[in-house]
Amino acid sequence: MRLADTLNNSLQNPADFAHGPAFPLRPIRSFVRREGRMTHAQQRALADYWATFGVDAVAGLLNLEALFGRSASRTLEIGFGNGESLATMAAAHPDEDYLGIEVHRPGVGHLLLRATALQLTNLRVLCTDAVEALDRQIPDDAFDRIQIFFPDPWPKVRHHKRRLIQAERVTLLVRKLKPGGQLHVATDCEDYADVILALFNAIPELENVAGDGGFVPRPVWRPLTRFEQRGQRLGHLIRDLLFTRRVSGDHREQNA
Ligand SMILES: C[S@@+](CC[C@H](N)C(=O)[O-])C[C@H]1O[C@@H](n2cnc3c(N)ncnc32)[C@H](O)[C@@H]1O
């Protein structure tokens with residue numbers, strides 16, 4: 001049973017959990033849905049361009065080939081913020097397809113404006129909780145690259161449970177990569193970087209691209225993001241983590 005189904009069942013059958021639910025009744029989210037100020041242009045973009053780029057919630061798995069109308073190298077970006085870096089990457093690689101997931105509607109509106117101005121045909125957008133989408137909508141073995149740039153750091157210890165990258169989610173993320181695909185995370189939060197590094201290094205199916213088991217130098221092809229600029233202004237150390245999903249059997253050979 002999928003995690004999301006379990007959560008739904010727990011909502012439908014509260015009596016089954018008289019001694020406390022197997023999962024909390026309200027799932028702990030990695031975001032707080034603050035709508036913030038949406039500009040007129042962003043509102044108009046959501047109304048006018050969602051039909052071109054947006055992917056509506058559907059029951060069951062997405063058919064990514066049908067969605068993009070072809071079979072090409074595919075990147076998934078989770079939490080793209082205002083989407084500037086995602087649009088830049090999609091424009092630089094018209095032969096590759098990009099799927100972005102973001103909950104913040106003004107950011108989605110911003111990306112739709114950029115995608116329209118750049119006349120992108122290789123970008124699709126989901127406006128939903130990425131954890132639920134990974135659990136219910138995204139097929140396994142589907143992406144050549146998954147990128148998460150500057151996930152919310154939730155710096156207070158009591159909020160660490162809200163962090164997007166958690167031990168129990170890493171295998172879910174890895175499953176969505178094709179064998180040989182890459183998982184790329186960047187963050188300006190030092191303790192979060194160390195936690196993610198330890199989590200990824202502990203997964204036998206993942207191979208750290210940094211030969212020494214640490215971080216990689218900032219790849220030149222990663223566009224500067226809005227939150228990275230903020231981190232730089234604050235003097236934060238920026239960390240990039242790059243891992244490859246081993247091709248089946250690789251880790252068994254290594255550990256033999
Ligand atoms: C700190 S911002 C970074 C934005 C962008 N990647 C950048 O570097 O400028 C983190 C983003 O992740 C989004 N986010 C957090 N949890 C999410 C989730 N479960 N599903 C989708 N988006 C999420 C937030 O709405 C926010 O826009």
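Strands, like helices, are taken here as DSSP runs numbered from the N terminus, a strand having at least two residues. In the predicted model, strand E1 spans residues 74-78, and Ile-78 has its place in this strand. Ile-78 has 23 C-beta neighbours inside 10 Å, and a residue is buried if 20 or more other C-beta atoms lie within that distance; Ile-78 therefore counts as buried. When neighbours within four places in sequence are left aside, the residues in contact with Ile-78 are Ile-101, Ala-130 and Ile-148. Ile-78 can also be related to Val-131: the two are 53 residues apart in sequence, and their C-alpha atoms are 9.4 Å apart in space.

The protein chain as a whole provides the setting for these details. Its secondary structure comprises 10 helices and 7 strands. Of the 256 residues in the protein chain, 31% are buried. Among contacts between residues at least 6 apart in sequence, 77% join residues that are at least 24 apart.

Helix H5, residues 105-117, takes part in two helix pairs described here. In the pair with helix H2 (residues 40-53), the two axes come within 8 Å and cross at roughly 65°. Because of this angle, H2 is roughly perpendicular to H5. The crossing in which H2 passes H5 is left-handed. On the H2 side, the contact is made by Ala-41, Gln-42, Gln-43, Ala-45, Leu-46, Tyr-49, Trp-50 and Phe-53. On the H5 side, the contributors are Arg-105, Pro-106, Val-108, Gly-109, His-110, Leu-112, Leu-113, Ala-115 and Thr-116. Classified by residue type, the contact of H2 with H5 has 11 nonpolar, 5 polar and 1 charged residues.

The second pair joins H5 with helix H4 (residues 84-92), where the axes come within 9 Å and cross at roughly 25°. H4 is therefore roughly parallel to H5. In this pair the crossing is right-handed. Glu-84, Leu-86 and Ala-87 in H4 meet Leu-111, Arg-114 and Ala-115 in H5. The residues of this contact divide into 4 nonpolar, no polar and 2 charged.

Attention then turns to backbone geometry. Most residues other than glycine have a negative phi. Gln-119, in contrast, has a phi near 55°, a positive value in a residue other than glycine. Gln-119 is found in the loop between H5 and strand E3 (123-126). Gln-119 has 8 other C-beta atoms within 10 Å, and it is therefore exposed.

Phe-150 likewise has a positive phi, near 55°, and is a residue other than glycine. The place of Phe-150 is in the loop between strand E4 (143-149) and helix H7 (167-176). Phe-150 counts as buried because 22 C-beta neighbours lie inside 10 Å.

Ala-130 has already been named as a contact of Ile-78.

Conventions
Residues numbered from 1 in each chain as written. Predicted model: local features only at pLDDT ≥ 70, side-chain atom pairs only at ≥ 80, totals over all residues. Axes fitted to C-alpha atoms, helices over the stretch in contact; angles between N-to-C directions. Helix = DSSP H or I, 4+ residues; strand = E, 2+ residues; numbered from the N terminus. Parallel < 35°, antiparallel > 145°, perpendicular 65-115°, else oblique. Left-handed = near helix turned anticlockwise from the far one by under 90°. Contact = placed C-beta atoms within 7 Å. Nonpolar A, V, L, I, M, F, W, Y, C, P; charged D, E, K, R; others polar. Buried ≥ 20, exposed ≤ 12 C-beta atoms within 10 Å, placed from the backbone.
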